[in-house]
Amino acid sequence: MINLSDIPPKGGSPFILPMAAFLVLLVAAPFLVARFGLYHYLAIEIAIWIIFAMGFNLLFGYTGLHSFGHGAYLGIGAYAFGLFQHNVSISLWGGLGAALLAAMVAGGFVALFLSHRRGIYFALLSIAFGQIFWFSSIKLHRITGGEDGLLGIPRPPLQIGDATLALADNRIFYGFVAALAALVVIGLWRVVNSPFGRVLQAIRQNEMRARFVGYDVWRWKWLAFTISATFAGLAGALLAMAQNSAYPDVMSLHQSGLVVMMVLVGGGLVNFWGPILGVLLYFLAREVLGGLTETWLLWYGLMFVVMVMVRPEGLAGLIGTARRREAPVPPARIVETTP
Amino acid sequence: MTLFQATGLQKRFGARVVLENITLGIEEGTVHGIMGPNGAGKTTCFHLLTGHHAPDAGSIVFAGRNIAGLPPHRIARLGIARSFQIMNLFDDTVVIENVLLALPAFKAQTGRIFGNGFADRTLIDAALAVLDMVGLADSAWSKTKSLSYGNRRALEIAVALAAEPRIVFLDEPTSGLGVEATRALAALIRRLRTRYTICLIEHDMRFLFGLADRISVIHWGQVITEGTPAELMANKWVARSSLREAV
């Protein structure tokens, strides 16, 4: 059985085969989607959701806190980015900064109430707060544009020093999103294997033990929630740029459920790479099954049910098991007999 | 010198008074035993002393400081470590990480969000040294789940020791152990007593009387008597109870 807290053979070094494969795939994605007759926008969507799902799994898989309202922070990032462009100035870095800050503050505030909780109470409270944000986005018409959403959000050009790069073209914008996704994934790989990340995993394994070893569990849970909300904010800002708009839909319970489903199907509970597999599977299912039948979500849902029943470790668990089958069988363990 | 002094501790859950009046002092460098029949309130008493529950009344002074009502992580950082009767380990990881997480040198690094805990040789060596004390150095890189019951008990103690505490509380360390493992544990505690102040709850009277410098007997939520093992053997309360025959 593979496990999130297994110690990677190369420590926290990012120079590993799966990382290389992931980066190659990121670079190759625009060519792959073109080759299979899909559109560039799909690659952008996938990269954005990878950022969202990976940040989410820091909380969900690694810390063991099951938030079902994380769509809210995706939406807050999207709105913050749009509002910054409309009301402050047209600026890429300014907008991204505003989105990160807004999601961090919102997440930090909600985490004040959630960090005392565990299990079902944590989950229910996270849903409640998610719904509050979603409802506000519909009702605060003057700020968010209500159900019509915030329209006409521009894609400001990327400025580094004197050089300027327009991001209006989807292929160039993909390059930008993919670069951020690569940074996020490399960064998270370091984080989960750092002392910081090991403490989060310790809290998942045994909150009481962590407390008696001397960790202020409340503060760590607060941090994990706030950090993962901030990643959601980044993904949200990119989503606003991608769609040129922000809608209340992004914040809905549906989106919050979607990211949970992706992480579970992909195997985020047992493997760092799980969420990425889950995101890929979802979007490929949408494109491939969606091309065949309008009821593709039904089939995807059924697949989810089967997955949870027969292989709860998800896709990553499936791959892990297959790999072990190839490996030589370890010598039989000496069974201790007790008199 | 009295390192740890609890005075007049009281605890009730709802209408039920579990601890009426617990007063006990632990001298530095000694092994202090707590015994008493089932349901006497021994474990609740431990929970109060280590911060799992806050007392309703009374004071707990450790090294000159009142710690009653402080949260467990603050108490742990002051130098009070404990093991649990029902084992409480980090099960998804390897043995050494259980100890590593408790090392003060590791805790000082947890703010380093991009650091690498398992690349630091000095930390690993420090953790191995602690495992060596309890005889688990060879299983350092095994899965925690794969340890035998007796070794899990030893790991419980190692985690408590890793925190470099001034006082170690052990909650029924022999519970579930066979004769051989109990003997090994007694030898371990004898080795540890030169370095730590130890307080232990124990059912196994032979084990406790052989190790403890002083023993507090808890019954009906109170300390009914206290003394050296020899004094307790002569005590009429203890003599009248079934405790004596067990020794």
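**View 1. A:Asn244, a partly exposed residue of chain A in the predicted model.** A:Asn244 counts as partly exposed because 14 other C-beta atoms lie within 10 Å, a number between the limits of 12 or fewer for exposed and 20 or more for buried. The residue is found in the loop between α10 (217-243) and α11 (253-266) of chain A. Its phi is positive, about 55 degrees, although A:Asn244 is not a glycine. Most residues other than glycine have a negative phi.

**View 2. B:Ala63, in the loop between β4 and β5 of chain B.** The strands on either side of this loop are β4 (57-62) and β5 (65-66). B:Ala63 is a residue other than glycine with a positive phi, near 50 degrees. With 16 other C-beta atoms within 10 Å, B:Ala63 is partly exposed.

**View 3. The side of chain B that touches chain A.** Here 31 residues of chain B are in contact with 25 residues of chain A. Two helices of chain B, α2 (72-78) and α4 (104-107), each supply at least two residues of this side. The largest share, four residues, comes from α2(B). By class, the side of chain B that touches chain A has 14 nonpolar residues, along with ten polar and seven charged ones.

Note on methods: Residues numbered from 1 in each chain as written. Chains lettered and ligands numbered in written order. Predicted model: local features only at pLDDT ≥ 70, side-chain atom pairs only at ≥ 80, totals over all residues. Contact = placed C-beta atoms within 7 Å. Nonpolar A, V, L, I, M, F, W, Y, C, P; charged D, E, K, R; others polar.
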